[in-house]
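Here is a short report on one protein model. Look at the structure first, then read on.

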Amino acid sequence: MFACKLCMLVLLLGVGVMANGQMNDIIDPKTFSALHPEPSAQTPGWMRIKSILISGNIKTKDYIITREMTVKAGDSIAIGSLTQQLQRMKENIYNTTLFVKVSVEPYIINAFECDLLVTVKERWYVFPLPQFELVDRSFDEWLTKYNGSLKRVNYGLKFVHYNFSGRKDQLRLSVINGYTRNISAYYNAPYVNKKLTNGFFVGAGYSQTKEIPYKTNYDNSLAFYSNGGFVKDSWFINGGYTVRNKINTTQVFSIGYTNVLVADTVLTNRFNINYFNSLSKRQGIVDLAYTLQYAKVNNILYPLTGRSFYVTFLKRGLGWRKGVNMFSVEGEYNRFCALGRKWYSSMQFTGKVKLPFKQPFINLRALGDRNDYLRGLEYSTIDGVAYTTAKFNLKREILNFSVPTFFKSKTYNKIPFKFFAKTFADFGYVYNRYQPSSMLNNKFLYTSGFGLDILTLYDLHIRLDYSFDQLGRRRLAFSNKSGF
């Protein structure tokens with residue numbers, strides 16, 4: 001938006017015309033100097049930013065903060081839009097997820113000049129987290145179906161540093177043992193050039209597991225194969241290059257290689273001969289992907305206003321016909337609106353298509369995978385080569401308070417809580433052409449319900465959803481996932 005307005009201003013100056021009697025909200029120092037030969041010229045209706053002063057950042061570099069600001073020292077802002085610009089910069093800085101609190105305030109020097117005072121409180125960036133997790137999808141399933149067996153748990157340690165060098169670079173290390181073995185490492189440096197527009201990421205890992213899903217049952221549950229030992233070994237390596245020329249837009253180019261070995265018994269008619277679309281029990285899979293992301297929201301962790309979207313193009317495998325080969329297009333659009341009196345609405349539309357339609361089992365997951373599901377069908381696995389969803393929320397903030405922790409930490413001396421009561425409705429459709437269908441394939445899907453969202457510790461989002469699905473089933477789901 002700024003670039004478009006700036007180009008329009010230059011054009012109008014070139015021909016000596018002012019459209020509708022209005023000027024841009026922000027002009028850079030060169031343009032300002034051209035309009036006003038004397039640097040200290042007093043221009044009614046405009047405020048010149050003399051300097052930007054930052055405080056509170058101990059680990060984070062100053063330029064990581066100023067990179068998110070829509071103005072720099074020397075720019076001039078129309079006084080009428082000053083409040084809006086300050087709010088936008090505050091949201092941009094907070095959306096880096098590096099801080100628990102951000103303020104951007106003007107310090108008035110005179111009627112025509114001011115400094116911008118940016119004050120931040122940094123989050124905890126280092127999290128060595130012990131892990132104890134169930135391999136089953138729910139506590140009820142683990143308790144009732146497997147009698148709470150400790151053989152079906154994973155344990156270990158995950159280490160995460162969200163701001164490793166003060167440049168918003170992330171380092172993740174994971175060592176997991178138990179029913180599943182996993183060791184992995186990941187590093188992401190989003191800004192490696194002087195303009196702070198380009199970055200990269202790399203990752204690698206190795207895993208073993210004692211059971212793997214080999215088909216989806218008619219009731220949309222997964223059937224698992226196991227023989228008492230490890231039935232799947234895999235290792236991967238990936239990397240990518242990111243481009244963020246604008247504050248709200250990011251492009252990601254990535255490449256990855258995964259080597260998978262499964263027990264040969266899986267690749268039989270008794271289990272699933274179409275598991276790989278190949279009789280070879282070892283597969284080397286190359287992934288090439290491009291993603292375009294856009295986000296302009298008030299809070300990236302729990303948006304209440306704004307919009308966001310992404311689209312991803314993926315080529316899996318180097319061939320086009322046999323084995324694990326797929327081309328897919330996936331997209332998502334979100335819109336968040338404030339309705340007044342603490343009421344908010346939101347909508348989300350998603351879709352994905354995979355070509356060709358005849359895909360191996362490992363490429364068929366549609367809904368029930370990751371965060372792709374309808375509320376009420378969280379534990380239903382719906383396979384397909386194409387799907388679409390639409391989700392709608394209506395919510396109201398009902399409580400907002402903080403509890404003192406009595407810690408000496410300036411950052412976490414209080415724990416904030418926000419409660420949102422909500423009602424929702426979800427719709428979807430999954431198309432599956434060649435593989436055996438389940439009771440939810442190729443059917444219009446719909447669920448609805450109500451619930452409670454709890455926000456605490458600044459980015460922890462706890463969800464309680466009570467939902468109804470089209471089969472008449474009711475479910476109370478508890479999760480700490482973000483988004484819808």
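## Cysteines

Cys114 is buried, at 0% relative accessible area. Cys337 is partly exposed, at 25%. Buried means under 20% relative accessible area, exposed means over 50%, and partly exposed lies in between (1.4 Å probe, protein chains only).

The whole structure has 0 disulfides. A disulfide here is a pair of cysteine sulfur atoms within 2.5 Å.

## About the model

This is a predicted model: local features need pLDDT of at least 70, side-chain atom pairs count only at pLDDT 80 or more, and totals for chains, interfaces and linings use all residues. Residues are numbered from 1 along each chain as its sequence is written, and side-chain values use heavy atoms, with hydrogens and water left out.

## A loop with a cis bond

The peptide bond from Leu355 to Pro356 is cis, with omega near -5°. Pro356 sits in the loop between β18 (343-355) and β19 (365-367). Strands are DSSP runs (E, at least two residues), numbered from the N terminus.

## Two asparagines with positive phi

Asn220 is not a glycine, yet its phi is positive, near 65°. Asn220 lies in the loop between β11 (212-216) and β12 (222-225). Is Asn220 buried or exposed? Asn220 is buried, at 1% relative accessibility.

Asn442 also has a positive phi, about 55°, and is not a glycine. The loop between β22 (414-431) and β23 (444-456) holds Asn442. Asn442 is partly exposed, with a relative accessible area of 29%.

Notes
Helices (H or I, at least four residues) and strands (E, at least two) are DSSP runs, numbered from the N terminus.
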